[in-house]
Amino acid sequence: MSKVKIKSDLRDVSLLIVEDGEDIINIMDRTFKMLVNDITLAKDGQEAIDAFNNSKPDAILTDLRMPNVNGIEFIKHVRATDKTIPIIMITAYEHDLIHEDKELINEVFPKPINFMKLVVSLDEQIQASKK
């Protein structure tokens, strides 16, 4: 991670990570704990809605295909109350997204995840949201 140049102090960012894959969410948690002090994890869309309502994070990383409530339904819930929060969708199924769905998301990030690029992308989205 030392070669990654980020402009934000991500330690002060609250991050909601939504992912139903146990291995992936554990890796994301460990990776972002090196940079972010306040991380909330959710393993499906309903947990994500509850976490969002309770914590109002500064940024969201979410999967698309999840049980109970999918990523798009979750994002529509978020956008109903917060139009500016940075949302990065991490998916291997970008082709499932229609144009209207993509307009709700700041960035679609492919799986398998390149964590160095994801950290930079998160930083860029946070910087853009502050302008």
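**Reading contacts, backbone and cavity**

Q: How should I read a value of relative accessibility, and where does Lys111 fall at 23%?
A: The value is read against two cut-offs, since a residue is called buried under 20%, exposed over 50%, and partly exposed in between. At 23% relative accessibility, Lys111 therefore counts as partly exposed. Please keep in mind that this is a predicted model.

Q: How do I read a salt bridge, and which side chain does that of Lys111 meet in one?
A: The general idea is a nitrogen of a Lys or Arg side chain within 4 Å of a carboxyl oxygen of Asp or Glu. Here the side chain of Lys111 meets that of Asp63, with an N to O distance of 3.4 Å. Asp63 belongs to strand S3 (residues 59-63), while Lys111 sits in the loop between strand S5 (107-110) and helix H5 (115-130), so the pair ties together parts that are 48 residues apart in sequence. Asp63, in turn, is buried, with a relative accessible area of 4%.

Q: Which residues are linked with Asp63 and Lys111 in a network of salt bridges?
A: Glu19 is linked with Asp63 and Lys111 in such a network.

Q: How many salt bridges does the structure hold, and which parts does the pair of Lys43 and Glu22 tie together?
A: There are six salt bridges in the structure, and one of them joins the side chains of Lys43 and Glu22 at 4.0 Å, N to O. Because Lys43 lies in the loop between S2 and helix H2 (45-55) and Glu22 in helix H1 (residues 22-33), this pair ties together parts that are 21 residues apart in sequence. Lys43 itself is partly exposed, with a relative accessible area of 39%. A salt bridge of 3.5 Å, N to O, is also found between the side chains of Lys102 and Glu94; Lys102 is partly exposed at 35%, and Glu94 likewise counts as partly exposed, at 37%.

Q: Which side chain is joined to that of Glu103 by a polar contact?
A: The partner is His99, whose side chain is joined to that of Glu103 by a polar contact of 2.6 Å. Glu103 is placed in the loop between helix H4 (99-102) and S5, and at 57% relative accessibility Glu103 counts as exposed.

Q: What should I look for in the backbone angles, and which peptide bond is cis?
A: The background is that most residues other than glycine have a negative phi, and most peptide bonds are trans. In this model the peptide bond from Lys111 to Pro112 is cis, with omega near 0°, and Pro112 is in the loop between S5 and H5. As for phi, Lys56 has a positive value of about 45° although it is not a glycine, and Asn68 has one of about 70°, again without being a glycine.

Q: How do I read a cavity, and what lines the largest cavity?
A: One reads its volume together with its lining. A search of the whole structure finds one cavity of 30 Å³ or more, and the largest cavity holds about 30 Å³ of space. Its lining consists of Ser14, Leu15, Leu16, Asp38, Thr40, Ser55, Lys56 and Pro57. Strand S1 (14-18) and strand S2 (38-42) are the elements that give two or more residues to this lining, and S1 gives the most, with three residues. By type, the lining divides into three nonpolar, three polar and two charged residues.

Notes:
Residues numbered from 1 in each chain as written. Predicted model: local features only at pLDDT ≥ 70, side-chain atom pairs only at ≥ 80, totals over all residues. Heavy atoms only, no water. 1 Å grid on protein atoms, 1.4 Å probe; cavity = no way out; pocket = protein on both sides within 12 Å on 5 of 7 lines; lining within 4 Å. Points joined across faces, edges and corners; volume = space filled by probe spheres on them. Helix = DSSP H or I, 4+ residues; strand = E, 2+ residues; numbered from the N terminus. Nonpolar A, V, L, I, M, F, W, Y, C, P; charged D, E, K, R; others polar. Buried < 20%, exposed > 50% of the residue type's maximum accessible area, 1.4 Å probe, protein only. Polar contact = N/O pair within 3.5 Å; in protein donor to acceptor, adjacent residues only side chain to side chain.
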